[in-house]
Amino acid sequence: MAVSKNSRTTVATQKFNCPCGGEIVTKTLVMEGKVKNVAECSKCKRVERRPKDFN
């Protein structure tokens, strides 16, 4: 019997860290009727567009 395509995928969670030592959390916000994804450091409260921008 064949295994479904969805059961073969692996789930990988990446952890991003800010230079200040805090953990970066990705949030989804609705601003002016549009959905925006932002990344925020839990320690210094710095906000960027995506986690890569913290480096």
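Here is a short briefing on the protein shown above, starting with its overall layout and then moving to its sheet and salt bridges.

What you are looking at is a predicted model, where local features need pLDDT of at least 70 and side-chain atom pairs count only at pLDDT 80 or more, while totals for chains, interfaces and linings use all residues. Residues are numbered from 1 along each chain as its sequence is written, and side-chain values use heavy atoms, with hydrogens and water left out. The protein has one helix and three strands; helices (H or I, at least four residues) and strands (E, at least two) are DSSP runs, numbered from the N terminus.

**The big picture**

- Of the 55 residues in the protein, 16% are buried; buried means under 20% relative accessible area, exposed means over 50%, and partly exposed is in between (1.4 Å probe, protein chains only).
- Take the contacts (heavy atoms within 4.5 Å) with a separation of 6 or more: 13% of them involve residues 24 or more positions apart.

**The sheet**

- The three strands make an open sheet in the order β1-β2-β3, with antiparallel pairing. Strands β1 and β3 (47–48) are the edges, since each pairs on one side only. Two strands pair if DSSP finds at least two bridges between them.
- Between β1 and β2, the antiparallel pairing runs over eight bridges. Met31 has Lys34 of β2 as its bridge partner, and Lys27 sits opposite Val38 in β2.
- The hairpin of β1 and β2 has two residues between the strands, and there Glu32 takes a positive phi near 55°.
- Between β2 and β3, the antiparallel pairing covers two bridges, and Ala39 stands opposite Glu48 in β3.
- The hairpin of β2 and β3 has five residues between the strands, with Lys45 taking a positive phi near 60°.

**Salt bridges**

- How many salt bridges are there? The count comes to four, where a salt bridge is a side-chain nitrogen of Lys or Arg within 4 Å of a carboxyl oxygen of Asp or Glu.
- The background idea is simple: side chains of opposite charge can pair when their charged atoms come close.
- One of the salt bridges joins Lys27 and Glu40, with their closest N and O atoms 2.7 Å apart. This pair links distant parts of the chain, as Lys27 is in strand β1 (residues 24–31) and Glu40 is in strand β2 (residues 34–41), 13 residues apart.
- Another joins Glu48 and Arg46, and here the closest N and O atoms are 3.1 Å apart.
- Arg50 and Asp53 form one too, with 3.3 Å between the closest N and O atoms. Arg50 is partly exposed at 40% relative accessible area, and Asp53 is partly exposed at 27%.

**Close-up on Glu40**

- Is Glu40 buried or exposed? Glu40 is buried, with a relative accessible area of 18%, while its salt-bridge partner Lys27 is partly exposed at 36%.
- The side chains of Glu40 and Lys27 also make a polar contact at 2.7 Å. A polar contact is a pair of N or O atoms within 3.5 Å; within protein, one must be able to donate a hydrogen and the other to accept it, and residues adjacent in sequence count only if both atoms are side-chain atoms.
- Leaving out residues up to four places away in sequence, Glu40 touches several others, including Ile24, Val25, Val47 and Phe54.

**Close-up on Glu48**

- Glu48 lies in strand β3 and is partly exposed, with a relative accessible area of 25%.
- Its side chain makes a polar contact with the side chain of Arg46 (3.1 Å), and Arg46 is partly exposed at 32%.
- Which residues does Glu48 contact, leaving aside neighbours within four places in sequence? They are Val38, Ala39, Asp53 and Phe54.
- Glu48 and Asn37 are 11 residues apart along the chain, and their C-alpha atoms are separated by 9.3 Å.
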